[in-house]
Amino acid sequence: MSGFFDLPSDLQHSYLGLVGLHLREALLPVLAGLIVSLPVAQLCVRFRWIYPPVLGVTTVLYAIPSLAFFVVLIDYFGQSETTVMVPLALYSLVVLVPAIVDGVRSVPPETLAAAQAMGFGPVRRYLQVQLPIAVPAIIAGLRVATVSSISLVSVGMLIGNQGALGNMLYDAQTYERSALAVNSVLTIGVLGVLADGVLVLVRLLLTPWMPRKGAGR
Amino acid sequence: MNVLDFARAFFSDGAHWHGYDGIPTRFAEHVGYSLEALVIAAAIGLPVGLVTGHYGRGGNTLALIATAGRALPSFGLLVLMVIWLGLGMLPVMIPLVVLAVPPILVTTYEAVRSVDPSPVDAARGMGMPEARVLFQVELPVALPLIYSGLRTAAIQIVSTATIAAYVSLGGIGRYIIDGLYQKDYEKVVGGATLVAALALVTLAVFWAVSRLTVSPGVRRSG
Amino acid sequence: MVALAAATALLAGCSSDGDTNENPLTGGKASGDSVVVGSNNFPESNLLADIYGEALKAKGIKVTYKQNIGSRETTYGLIKNGSISVMPEYNGALLAHLDQKAAPKTLDETTKAVNAKLDSQLTLLNPASAQAKDSVTVNAETAEKYHLTGKSSIADLKDVAKDLVIGASPEFQTRQQGLVGLKSVYGLEFKSFKALDVGGPLTRAALEKDDVQVADIFTTDPKITEEKFVVLQDPKNLFGFQNVQPLVHKGTLSKEGVAALNAVSAKLDTETLLELDTQLQAEKKDPMDVAKAWLKSAGLG
């Protein structure tokens, strides 16, 4: 009952179970955010006038604290994982859309012209030229979104123990077992750093043409 | 009732406008916590970022610290600090500062490092001491980017300071936490609206400050 | 925003383990035929949920737990719509939630009054004799300063309340058995209110450190004797009867299940509850272990 990885019964999960739950609750929203942000970003690139209002709306959404979002959404999705994941997906969207727009816009016009000259249609040009060149920018956005998502899941504890590893914080407090809180904070921190590392690796794999050195941003 | 109705009901209730739980008090408390955290974070992040950026060293270490700082959950850190330090201001300041230092530090470093080297070399050639090179040549050019780092930090602080209410402090988060436990959605929606409004005010303040302090030449080229 | 919510929900639905994906407010009954035992966000409620839940398990009934959900304001809605089947409740507190004006004089009256106001989907089983009341409790310094003893009444704070800060859970602020009743029944108006937790570590710490002079502490809290806190008498019975009593969503429990819970309540008295709370909070034992050990010793596990 006192081991660092022994969890109180009311959490109803093993340590690794909570880690799995946490990753699921944190990463699915980022994935959803990515899936939705690609077409939204493409729209913003195609129709320039959409971008400023989209940026405005996303800035306001980003300013709403996660806790408030969770509590308001209880009305729609109950005290469930979905309530935690929807705001996280929104935050991801907010980070990803500008990242992708900037990335796609950074493709030099000569490159686009060359692709067109080679007979690429708009879809193929998007998939094979614009998107790959935007990869570093997209990954940079994904890194921010993923790390903050992993950190924010813990706040879900407040809405009826939907915070995965964050739920340990409640028990740490009520049962005065600070080791549980240390465990929770460190595990979430390590998960964040690891996820960040994985994304850096993915970028290196996806962009073999980029210089390897000096990418430590 | 939808979200807008809740917000309207919250702000039109006269009882929410005075006393220790009134909007002016809670708003002022929130601004107070946020400013304190931002000042502490800037006092740490700015000097370190300026110096490392000036000498162009330590970028990888900074990136590592920044990633670690971002990865630590503010909410978890808050609960841990309260368990260790008890109730009070300090356990709230620690997670807010940890949250705010990375964006300030990294952006300041990047801002100074990426200043066009030719005027810097020219200044050195004219015999300017390093401190003057930093403050009179690099800093004015780097200012817009530095502001953007401070702005990101400020927005994150304003939004995250709501969790202070979980450990019994005031601020706008009070409405959100109380609303959650009292099942009073008016309060939750009202609180969320106030925080979002404060974030927008913060953006406006930064915009104004940067209009006033960034040299027009830099602004035009940026 | 809608598309995003849909995408998230879709992704969540696609993932392999769907056990955590039910939707308590809009969704229907609890999944399958397992009984869902819920609890509020304080340790004694977790413990009672474990005790009642394990007693059901001992009869071969399938049980799942939903612990630490939040305040009664939330859990009552959840049990009403059937996403929870059993909640350990306190009869007087439940009554105050349903009817602010009720002031029953006896346990029987309390039961009658609650039953009259209870949602038609819900039913209360037999009450235990165990009581855990909210209380108005002052710390040792305050007791000394204003000459308050265990015989003093809440009413004795009338002239000094304006100098005192009271601390309790956020929901205490708007409850009849809270600031509302303290004002209307005893005429107390405190200098300010500090939102803490449900008689938990924040409340105890704040009272110990004199951040608050008055606090809502459970009468079953072992800290009261340890820290020489003084619990004030409640002659007007604002906090009423607070017997532990299982609240059940109708049709979720078999006759056997009902009998199992009633058997638990029959053996649960205040002394036992105090002893179990001490094991939980002072000896830091796991609530599930405490629950199982007691059920065994009582011949119910």
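1. Chain B against chain A. The contact takes 36 residues from chain B and 32 residues from chain A. Two residues count as in contact if their C-beta atoms, placed from the backbone, lie within 7 Å. This is a predicted model, in which local features need pLDDT of at least 70, side-chain atom pairs count only at pLDDT 80 or more, and totals for chains, interfaces and linings use all residues. Residues are numbered from 1 along each chain as its sequence is written, while chains are lettered from A and ligands numbered from 1 in the order in which they are written.

2. What chain B brings. On the side of chain B that touches chain A, the elements giving two or more residues are α3 (59-71), α4 (74-85), α7 (130-160), α8 (173-182) and α9 (185-213) of chain B. α9(B) gives the most, with 9 residues. Helices (H or I, at least four residues) and strands (E, at least two) are DSSP runs, numbered from the N terminus. By class, this side of chain B has 25 nonpolar, 10 polar and 1 charged residues. Here Ala, Val, Leu, Ile, Met, Phe, Trp, Tyr, Cys and Pro count as nonpolar, Asp, Glu, Lys and Arg as charged, and the others, Gly among them, as polar.

3. The core. The largest nonpolar core has 207 residues, and B:A100 and B:V195 touch the most other members. Such a core is a set of buried Ala, Val, Leu, Ile, Met, Phe, Trp, Tyr and Cys residues joined through C-beta atoms within 7 Å. Helix α4 (residues 81-105) of chain A gives the most to this core, with 16 residues. Leaving aside neighbours within four places in sequence, B:V195 is in contact with residues of chain A, including A:A63 and A:P65, and of chain B, including B:V158 and B:I172.

4. UniProt (unreviewed entry) places "domain: ABC transmembrane type-1" at residues 27-213 of chain B. UniProt positions follow the numbering used here, feature names are shortened, and annotations may be inferred rather than shown by experiment. Over residues 27-213 the chain is 84% helix and 0% strand. The UniProt annotation "transmembrane region" (unreviewed entry) covers residues 31-50, 156-177 and 189-209 of chain B. Residues 31-50 of chain B are 100% helix, with end C-alpha atoms 27 Å apart. Residues 156-177 of chain B are 45% helix, with end C-alpha atoms 18 Å apart.

5. Two domains in chain C. The assignment, which is automatic or from a database, gives domain 1 (33-132 + 241-297) and domain 2 (136-231) of chain C. Their centres, taken over C-alpha atoms, are separated by 26 Å. In the contact, 15 residues of domain 1 meet 12 residues of domain 2. α11(C) gives the most to the domain 1 side, with 5 residues. That side divides into 7 nonpolar, 5 polar and 3 charged residues.

6. Helix α12 of chain C. Which residues of helix α12 (residues 287-297) of chain C are buried? They are C:P287, C:M288, C:V290, C:A291, C:W294 and C:L295. They sit on the same side of α12(C) because they cover an arc of only 160° around the axis, taken from the directions from the helix axis to the C-beta atoms. They pack against α2 (43-58) and α11 of chain C. On the other side of α12(C), C:K296 and C:S297 are exposed. Buried means 20 or more other C-beta atoms within 10 Å of a residue's own, exposed means 12 or fewer, and partly exposed lies in between, with C-beta atoms placed from the backbone. Just after α12(C), C:G299 takes a positive phi of about 75°.
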